[in-house]
Amino acid sequence: MGHSIALNAAWAGMDVTLQGIDEQNCEAGWKSLVRKLDVLEDHGLFSGSEAQQIRGRITMSISIEEAVKGATFVIEAVPENLELKKSLFTRLDGLCGEHVILASNTSGLSPTSIASEVRLPERVVVTHFWNPAHLIPLVEVVRGERTNDDTVKRSFDLLHQMKKKPIEVKKELPGFIGNRLQYALFREAQYLLETGAASKEDIDAAVTYSIGRRLPVTGPLQSADLGGLDVFSSISDYLFSDLSSAEESLPVLKELVKKEKLGEKTGEGFYKWDESFSVEIQLKREKELIRYLKEDLAADHVMGGKS
């Protein structure tokens, strides 16, 4: 996620230092970043000279001290381990001046817990980007118990400059908003597969060719308004009791993990991922996300012209 966030910031005209744990990590991040830049250029989002300018705004470093020197906003994207994040934020707290915002890209860990050992918890906030961070507009801004209003405002200002669509999560809760919705759907998909209701391909198709088509325009609550709240209430009354209420991942998923069939990164998960299939799906996803991104940028341009 780190290199995609850095790309997004540099694309917005900001100077960025991207810190990796070692030279190999930096090299891998830079290679991925350049590939993403090439794809964006190929799709006409900017010219070759503009791509060079974006690359020129990004500095790579293995030194955390060098990475935060002169920074006004720091975004952490280390693995989802609370103790690791707490340790890192304690270190950042000592390295950064009081005016610097310290943001975590955690997918669901508590910002209050992450900031529990820093001296200035009011400047700690979650800015949860979605993968791929340079293409997905949403960023969830989550307060900790002591995060102040200025930190939230500065986070929104930065994210708007990056052409993102930030939302404020007003209540600190596990998984925030997006992941709670995503995993509610994932739990039911697991349950349908477990019970033999349909094949994995047809379960996925039921989303991509139905609700997936309208969700980019109308979210679940607005969709209910359009469908009629009386209808949605009636269906909820008879359907909710039959939906999965599992409190942990279901047996098929647990067995796949036990066998280290972890998805695309290991070559097999629910699906088999050889190189050609992986490239095909990732390019298809990128192409569709870029199409939506172009529409968003065009809409922002029109709105900006009218204001």
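This note walks through a predicted model of one protein chain, from the whole fold down to single residues.

1. Ground rules. The model is predicted, so local features need pLDDT of at least 70 and side-chain atom pairs count only at pLDDT 80 or more, while totals for chains, interfaces and linings use all residues. Residues are numbered from 1 along each chain as its sequence is written, and side-chain values use heavy atoms, with hydrogens and water left out.

2. Overall fold. The protein chain has 13 helices and seven strands. These are DSSP runs, numbered from the N terminus: helices are H or I with at least four residues, strands are E with at least two. The C-alpha atoms fill a box of roughly 55 × 50 × 45 Å, taken along the principal axes.

3. Burial and surface. Of the 307 residues, 34% are buried. Buried means under 20% relative accessible area, exposed means over 50%, and partly exposed lies in between (1.4 Å probe, protein chains only). The chain exposes about 18300 Å², and carbon and sulfur atoms supply 54% of that area. Accessible areas come from the Shrake-Rupley method with a 1.4 Å probe; for residues, only the protein chains shown count as cover.

4. Contacts along the chain. Take contacts between residues at least 6 apart in sequence: 67% of them join residues at least 24 apart. A contact means heavy atoms within 4.5 Å.

5. UniProt, in an unreviewed entry, lists residues 1–170 as "domain: 3-hydroxyacyl-CoA dehydrogenase NAD binding". In the model this span is 44% helix and 19% strand, with its end C-alpha atoms 24 Å apart. The unreviewed entry also lists residues 175–273 as "domain: 3-hydroxyacyl-CoA dehydrogenase C-terminal". Here the span is 60% helix and 0% strand, and the end C-alpha atoms lie 28 Å apart. UniProt positions follow the numbering used here, feature names are shortened, and annotations may be inferred rather than shown by experiment.

6. Asn8 lies in helix H1 (residues 2–11). Asn8 counts as buried because its relative accessibility is 4%. Leaving out residues up to four places away in sequence, Asn8 touches Ala133, His134, Met162 and Lys164. Val34 sits in helix H2 (residues 23–42). Val34 also counts as buried, at 15% relative accessibility. Val34 and Arg55 are 21 residues apart in sequence, and their C-alpha atoms are 8.0 Å apart.

7. Lys170 is in the loop between strand E7 (165–169) and helix H8 (178–194). Lys170 is exposed, with a relative accessible area of 72%. Lys170 and Val142 are 28 residues apart in sequence, yet 6.9 Å apart in space, C-alpha to C-alpha.

8. Backbone points to check by eye. The peptide bond from Asn131 to Pro132 is cis, with omega near 0°. Pro132 lies in the loop between strand E5 (124–129) and strand E6 (138–143). Lys163 has a positive phi, near 65°, and is a residue other than glycine. Lys163 belongs to the loop between helix H7 (149–161) and E7. Glu260, likewise not glycine, has a positive phi near 60°. Glu260 is in the loop between helix H12 (251–258) and helix H13 (275–306). Glu260 is exposed, at 61% relative accessible area.
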